[in-house]
Amino acid sequence: MSTFNGPFTGGPTLNDGFTMPWLGLGVWQVGDDEAASAVRTAIELGYRSIDTAAAYKNEAGVAQGIRDSGVAREELFITTKLWNSDQGYEETLKAFEESRRKLGLEQLDLYLIHWPVKDKYRESWKALVHLQKEGLVKSIGVSNFQPHHLNEIIEDTGVVPAVDQVEFHPLLSQRDLLAYAKERGIQLEAWSPLMQGHLDLPLLQELAAKYERTPAQIVLRWDIQQGVITIPKSVHEKRIRENAGIFDFTLSDEDVTAIEGLNKNSRFGPDPDNFNF
């Protein structure tokens, strides 16, 4: 498994040629002060990928954590997302500038459309294509898009998203979407990989004992062995450190398949096709 050479160096090469770390820190439902502290802690521990969003209302806190870390900007991979109420072509350009201002960055590494808002996401995608052409963002992608959404924006622009960030975990293993993404060179990224703490499944407990790891580490390792980037959220140093401890062991093929067998198509977040945006 030499492809997975650590959380902080290397990572998958996206379809636009840029490299993204396998592991990042998520900061959903975290206020500015906590975000600043968590980001600083994560970077000090070696993390280089940070995932936020306009809707999280903590981009300024993330910026503070980046500044406090003292790590050079070029070493970091920063993602933020366009919120639903800001979609549309001109609206997207304006929202991007606001996020860029709050983050204090000249260029973003990855900008995502947060949800496929009906009658809006196609124009929003055209705006992201423009931002990339202008050099304001390296990579562009989407979040919570299903294959039919992806087909539409690719057909419109000829530009394939670099990343699709979706709810992905043992209870929602998204096999069809994963196969679609791999076929088209789209990098899948898991949000809520730890099922919002619902890790008390007997199989995960058994595997944690077998590999002498935590259930969380088992799930995060399962993500990357399928080629899925993962961004667990935590504000606690102990957990942030533990979540990174997934690159010095390998799950057997049988155990990867067994975890996949837990799938129930169960979501902890909204269904992209049945969501009131």
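Select His 114 first: this residue sits in the loop between strand S4 (108-113) and helix H4 (121-133). Helices (H or I, at least four residues) and strands (E, at least two) are DSSP runs, numbered from the N terminus. The model is predicted, so local features need pLDDT of at least 70 and side-chain atom pairs count only at pLDDT 80 or more, while totals for chains, interfaces and linings use all residues. Residues are numbered from 1 along each chain as its sequence is written, and side-chain values use heavy atoms, with hydrogens and water left out.

**Stop 1: around His 114**

Is His 114 buried or exposed? His 114 counts as buried because its relative accessibility is 8%. Buried means under 20% relative accessible area, exposed over 50%, partly exposed in between (1.4 Å probe, protein chains only).

Now show the contacts of His 114, leaving aside neighbours within four places in sequence. Select Ala 53, Ala 55 and Tyr 56, which are among them. Contact means heavy atoms within 4.5 Å.

**Stop 2: Asn 144**

Asn 144 lies in the loop between strand S5 (137-143) and helix H5 (147-157). Asn 144 counts as buried, because its relative accessibility is 3%. Check the backbone: phi of Asn 144 is near 65°, a positive value in a residue other than glycine. Most residues other than glycine have a negative phi.

**Stop 3: Ser 192**

Select Ser 192, in the loop between strand S7 (187-191) and helix H7 (202-211). Ser 192 is not a glycine, yet has a positive phi of about 55°. At 15% relative accessibility, Ser 192 counts as buried.

**Stop 4: zoom out**

Show the whole chain as a cartoon. How many helices and strands does the chain have? There are 10 helices and 8 strands. The C-alpha trace spans about 55 × 40 × 35 Å along its principal axes. Buried residues make up 56% of the 277 residues. Of the contacts with a separation of 6 or more, 74% join residues 24 or more positions apart.

Finally, colour by charge. The chain has 28 positive and 41 negative side chains. Lys and Arg count as positive and Asp and Glu as negative; His and the chain ends are not counted. The centres of the two sets lie 2 Å apart, with each charge placed at NZ of Lys, CZ of Arg, CG of Asp or CD of Glu.
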